[in-house]
Amino acid sequence: MRSDNLDTRSRQLFDRGFRDLETRFDPEVSLVRNAFQPDRHQPHPSIWYAYCLLDRDGEGDVSLAEQIILRALDLQERRGGDPLGGNFRWFLEDEVVTDLNACQFVLEALVHLLLRVGDRLSGETKECIFASMKLAFCEAERLDVNWTYTNIYLLDVQNSILGGRLLAVDAVRERGEDRLHAWAERTKEAGAPHEFNSPTYSAVQINALAAIAQFAENEAIGKLALEMEQFVWRHVARYWHAPTMQLGGPHSRAYRRDVTGAPGFLKVVLYKLHGDPRLLAKTPYYAGPDSEGEVMVALTPYHCPPEAEQMFREPATRDVREQAGREMRLTARIRPEFSLGTMSRPYGVGKPPEPWPMHDSCILYYPKPAPPGYGVLYCRYRINAGPVGEPSRESAPPWLDIWDDGVFRTAQIGGRAIVAYGLSPRGQRPIDSLRLDIRLSGAQDGGDILVDGRLYEGGAIKMEPAEAVTIVDGDVYIGIVPLDPSRLGHGPSLIFWEDGRELVASIVNYEGPPKVFWEYRSLTGPFFKGNVKNGFALWVASRGDFDTAESFRAALRETPLSDEMTGSVRRIEWGTGSERLMLEYDLKELRL
């Protein structure tokens with residue numbers, strides 16, 4: 001498909017993406033600047049810009065496009081003996097290959113370019129592309145990315161199936177087909193993609209599968225790709241919260257723009273399907289570059305099944321429980337008034353899994369009447385984030401992510417959740433602060449906030465364990481009850497404060513002079529007795545569930561909550577009878 005065959009929304013996205021790439025193009029180096037770091041230039045966005053020029057085919061467009069393509073190919077590592085030969089530098093300014101994923105992203109751009117507008121290239125340029133792709137496929141086979149790294153694995157599958165066809169190299173194509181079969185079998189057995197419910201990477205998965213369904217010559221492979229594309233659509237749609245236009249949690253991987261509700265890759269795809277302008281609307285909670293992939297999305301035909309379409313469009317009442325493998329449990333309560341989701345343990349990739357701190361262990365979205373139309377609550381365990389009460393992001397780029405540096409276990413029933421945190425191994429790294437932040441965007445804009453019954457009017461307020469923060473905002477009541485943390489130093493352990501545009505409840509394990517914690521540096525060894533304790537209980541309810549805000553606060557106060565240790569086993573119980581929620585795990589082994 002070329003741009004002259006696009007429907008209205010696809011045309012809009014294509015033009016928007018073309019303008020963005022054109023704005024970032026730097027003629028001095030014949031490459032496109034990175035959106036987040038404009039002093040750096042990248043190969044794969046540059047190839048997409050070359051695609052746009054070839055599609056337009058105006059005066060000088062083809063020659064400029066070929067110049068850009070060849071410049072991008074110059075970033076391929078071709079020095080003899082390099083262990084990453086065939087891969088690409090992520091930035092022109094890099095001296096060596098730093099990001100192993102560059103191989104797949106460049107291959108993806110080249111494959112789409114050749115399939116759609118390759119007839120406009122000279123034979124000489126095509127030969128250069130083919131030679132570069134052959135080297136890149138050798139690197140891809142050597143890297144042999146694990147199936148749990150879902151988006152990159154599926155890019156490898158897409159590129160191998162379609163690129164092998166373009167190169168007429170059966171071994172490359174067959175490798176991709178075999179890997180698609182293996183991934184589909186494992187994913188269906190697990191119950192969800194390993195890289196589950198991600199505002200960015202679920203869209204990468206959908207896009208790769210849709211491209212295979214569109215271009216694969218093997219009919220059976222095209223049908224399998226279509227089946228699995230629809231599998232991912234259904235998975236993601238279960239968590240979609242239509243009233244806020246947000247992908248509810250939990251999220252396996254989410255950037256700051258995703259957490260705060262800014263436009264991202266999945267929202268661009270959904271805009272093509274539904275056209276709701278809220279999907280591309282800016283948010284005051286995030287100030288960095290947002291939407292991406294418009295050109296690719298504009299060109300791709302998707303196959304969202306009707307039952308998923310309905311979940312994307314209509315406010316719904318549903319409870320979601322899924323497994324993403326044997327040890328990962330996903331839970332969400334979705335109501336028109338809110339979406340609350342938790343995941344049972346940290347996200348990791350590979351075998352054995354490497355922890356990746358981009359997850360959202362517990363995240364809440366809820367509608368608000370004023371722009372941007374929603375509020376957010378999420379949490380992060382933070383190490384060396386600076387003193388509590390002092391803005392932690394003033395010197396950071398507005399798009400910079402806040403990673404979750406802790407390990408956690410959660411339990412959720414309906415709108416109530418227990419979220420328990422501890423440290424991840426820190427080695428010999430000196431530490432001056434350890435804390436869990438519960439962060440809220442939007443609550444200060446019209447919300448009624450009480451800290452232990454006192455109206456919050458700004459500044460920093462010290463709290464005691466079991467003192468609750470209650471918020472009345474939109475059509476929800478929110479109750480946060482911090483648990484008593486392990487105290488590794490002196491000073492207050494609980495503080496409610498403002499960090500820029502976010503309100504924060506900080507539960508502090510340590511704040512003081514930099515030191516190495518021998519007991520926790522490896523979570524093993526001669527001094528280790530068990531991980532630190534941190535965490536909170538969270539209750540989210542629709543306003544209609546209680547007569548008044550005071551009746552909700554009374555219910556929160558009167559619901560029994562205990563946090564006890566027996567040896568190295570931590571047991572947290574909240575509520576009684578059929579409403580009892582219990583989380584029990586071993587602080588040494590971190591077993592549920």
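Reader: At what angle do the axes of helix α8 (residues 201-215) and helix α11 (residues 265-274) cross?

Author: They cross at roughly 50° and come within 7 Å. The axes are lines fitted to C-alpha atoms, for helices over the stretch in contact, and angles run from 0 to 180 degrees between N-to-C directions. This is a predicted model: local features need pLDDT of at least 70, side-chain atom pairs count only at pLDDT 80 or more, and totals for chains, interfaces and linings use all residues. Residues are numbered from 1 along each chain as its sequence is written, and side-chain values use heavy atoms, with hydrogens and water left out.

Reader: Why are α8 and α11 called oblique?

Author: Set the angle against the cut-offs. Under 35 degrees counts as roughly parallel, over 145 as roughly antiparallel, 65 to 115 as roughly perpendicular and the rest as oblique. The crossing angle of α8 and α11 is roughly 50°. The pair is therefore oblique.

Reader: Which residues make the contact of α8 with α11?

Author: A203, V204 and N207 come from α8, and F265, L266 and V269 from α11. Contact means heavy atoms within 4.5 Å. These residues divide into five nonpolar, one polar and no charged. Nonpolar covers Ala, Val, Leu, Ile, Met, Phe, Trp, Tyr, Cys and Pro; Asp, Glu, Lys and Arg are charged; the others, Gly among them, are polar.

Reader: Which residues of α5 and α6 meet?

Author: In α5 they are F130, M133, K134, F137 and A140; in α6 they are D156, N159, S160, G163, L166 and L167. This contact divides into six nonpolar, three polar and two charged residues.

Reader: Why does T187 count as buried?

Author: Buried means under 20% relative accessible area, exposed over 50%, and partly exposed in between (1.4 Å probe, protein chains only). T187 has 0% relative accessibility, so T187 counts as buried. T187 sits in helix α7 (residues 170-190). Beyond its neighbours within four places in sequence, T187 is in contact with W147, A192, P193, M228 and F231.

Reader: Q76 is in a loop. What makes Q76 buried?

Author: Its relative accessibility is 5%, so Q76 counts as buried. The loop lies between α3 (61-73) and α4 (102-117). Not counting residues up to four places away in sequence, Q76 touches G86, N87, F88, S132, L135 and A136.

Reader: How do you know that strand β21 (residues 494-499) is mostly covered?

Author: Five of the six residues of β21 are buried. Three antiparallel bridges join strand β18 (residues 461-463) to β21. Across that pairing, M463 stands opposite L494. Strands pair if DSSP finds at least two bridges between them. Strands here are DSSP runs of E, at least two residues, and helices runs of H or I, at least four, numbered from the N terminus.

Reader: What phi does G500 take in the hairpin of β21 and β22?

Author: G500 takes a positive phi near 65°, in a hairpin with two residues between the strands.

Reader: What makes β24 (561-566) and β26 (581-586) edge strands?

Author: The sheet is open, antiparallel and ordered β24-β25-β26. β24 and β26 each have a single partner strand, so one side of each is left without a neighbour in the sheet. Six bridges join β24 to strand β25 (residues 569-574). T566 has V569 as its bridge partner in β25.

Reader: Which strands are the edges of the seven-stranded sheet?

Author: That open sheet runs β13-β14-β23-β20-β19-β16-β17, with antiparallel pairing. Its edges are β13 (406-413) and β17 (454-455), each pairing on one side only. Inside the order, six bridges join strand β14 (residues 416-423) to strand β23 (residues 534-542). The partner of R416 in β23 is W539. Helix α14 (residues 549-558) packs on the sheet and touches β16 (448-451), β19 (469-473), β20 (476-482) and β23. The direction of α14 makes about 30° with that of β20.
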